[in-house]
Amino acid sequence: MDPGVCYIKPEFLVEVQKNAEIKLGEYPEKHDLEKKKKGKRRGQNKNRPAPYKMKRELQLCSSLVNGDDSSTCTYPKCIYLHDVKKYLEEKPKDIGESCYIYSQTGHCQYGLTCRYAENHLDEEKKNLGATEGVRKPFNPIDIELLTILRKRQYNLDRSKKLSRKWRRESSRDTLQTQYLIPERPAERKRIDFRNKLFLSPLTTVGNLPFRRICKEYGADVTCGEMACVVPLLNGAKQEWALTKRHPTEDLFGVQICGNKVNLVAGATQILTEKANVDFVDLNLGCPIDLIYKQGAGSALIRRQNVLEGIVRSCAAVLGDKPFTVKTRTGVYADKSVAHELVPKFEEWGASLVTIHGRSREQRYTKNADWKYIEECAKAAKEIPVIGNGDILSFEDYLEAREAAPHISGTMIGRGALIKPWLFQEIKEQRHMDPSATERFDMMKKFVNYGLEHWGSDTKGVENTRRFLLEWQSFLYRYVPYGLLEHPPQKINARPNTYRGRDDLETLLASNNCADWIKLSERLLGPVPDGFQFLPKHKANSYG
């Protein structure tokens, strides 16, 4: 039996002829016919179409969104549209009858620009709902903080002092200074990370609406998408948006990525002082060339002097909050070093270490090495070690815990993207086989959370659509349990061509971007003219 093939029950299989004309949505594995000619599709779609952007000249000025004609714009050079009548004539049709934001808060701050505006506009096109006394948006971004950062006015003396101390002491090879030695793990804030299910920090797809879905299915610990320290220090709004936390995330951290001690320590200081986080995690696993060539991500594994300075400084900056590390086994497949680094991380002040059981060189092409993760767990004295890699069922979880009995918990990444209910399966030790309708309802819930997070105006709708499509590039890989001939499904096994039990199930299994767009249109209305989409990773679809 080929371990790379996910076998489907014969009654659902589809025979595909090489020269047959295949319609969209009918055969999920159409691109397999061309694999022999074009070779394997790996890496990123670097020439992807740019995300949809609406011209600012066509957007209504924020002073007029409530339909109040007496409101005046205070910016003399404002380039936004100030003609309400013209805006309403050119505005796309409403998507639906019920505005999720209005139903949750009693007031939609997007007013006339909301794509569900008829739900909360009166006959005179005035925005309904009180503007005071209603629930405010959760965890808003501090605009004043971003302004201070952009002007380089934030006081970073504490982290600068630590990084200078580190450079001075490291040049003498005397690292045991009172100032740089953080408290022992037992003296830090006690967060019980043991026997928890962690949602991995996932770039692009690990956004707040997705994390809310995973929390509802039983994830214990969540972590924001990887945030680069330079944009954080520069007050970039897009980067600070990655630090937003939903109230349901009871244990939440932010993962940072950087290549210099002073920069990473500075970003850590701001996060611990201004962001609502329980811990800060250092990325030592990112394999992409852009990050690696800058000396960050997995490249830090080879720069251990800088790595030591980052861990020591950040652990001291955070004080009683835990500083954690997520690393791969090493840079090269034949030279694993994580087992040597774990005791060093503990000595330098880290409170937790997560081991992704693959090297940077292997990316995702090989199975995670859980025996090596166990070796790393044994190397730790007190701090917990978390294992990560290739868990897509509760059987995979049990096998991983058996192979690595000394790990303290498990982190799940791609498995959660493919089937977010995996956390519930593990906790209840049973297989779940949600119907196509139930899975579509889950996508609908994601859309509602996305509108609440990114906005219900045209810009917010298209942002929600973009991230829904990125998630769909993983969701389609789920094979319903009832269709499997030899369950459970393995994460790196691709299925034979099959049809679902109904049309919706077949459509959900399609890896054609055009079909994903059809699904998004059922939830978010028609796409704008000229809209195109390709997922971040080539292996996840064909265009």
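This is a predicted model: local features need pLDDT of at least 70, side-chain atom pairs count only at pLDDT 80 or more; totals for chains, interfaces and linings use all residues.
1. By class, the lining of the second largest pocket comprises 9 nonpolar residues, 8 charged residues and 1 polar residue.

2. Two helices, α2 (84-90) and α18 (458-475), each contribute at least two residues to the lining of this second largest pocket. The biggest contribution is from α18, which gives 3 residues. In terms of domains, at least three lining residues come from domain 1 (1-16 + 42-54 + 448-542), and at least three from domain 2 (59-135).

3. Elsewhere, helix α12 (residues 338-348) and helix α13 (residues 370-379) have axes that come within 8 Å and cross at roughly 30°. Angles under 35 degrees count as roughly parallel, so α12 is roughly parallel to α13. The crossing of α12 and α13 is right-handed.

4. Two backbone details deserve a look in the viewer. Most peptide bonds are trans, and most residues other than glycine have a negative phi.

5. The peptide bond between Pro487 and Pro488 is cis, with omega about 0°. Pro488 sits in the loop that runs between α18 and β11 (494-495).

6. Lys125, a residue other than glycine, has a positive phi, near 65°. Lys125 belongs to the loop between α3 (100-105) and α4 (143-150).

Methods: Residues are numbered from 1 along each chain as its sequence is written. Side-chain values use heavy atoms; hydrogens and water are left out. Helices (H or I, at least four residues) and strands (E, at least two) are DSSP runs, numbered from the N terminus. Ala, Val, Leu, Ile, Met, Phe, Trp, Tyr, Cys and Pro count as nonpolar, Asp, Glu, Lys and Arg as charged, and the others, Gly among them, as polar. Domain bounds come from an automatic or database domain assignment. Axes are lines fitted to C-alpha atoms, for helices over the stretch in contact, and angles run from 0 to 180 degrees between N-to-C directions. Angles under 35 degrees count as roughly parallel, over 145 as roughly antiparallel, 65 to 115 as roughly perpendicular and the rest as oblique. A crossing is left-handed if the near helix is turned anticlockwise from the far one by less than a right angle, and right-handed if clockwise.
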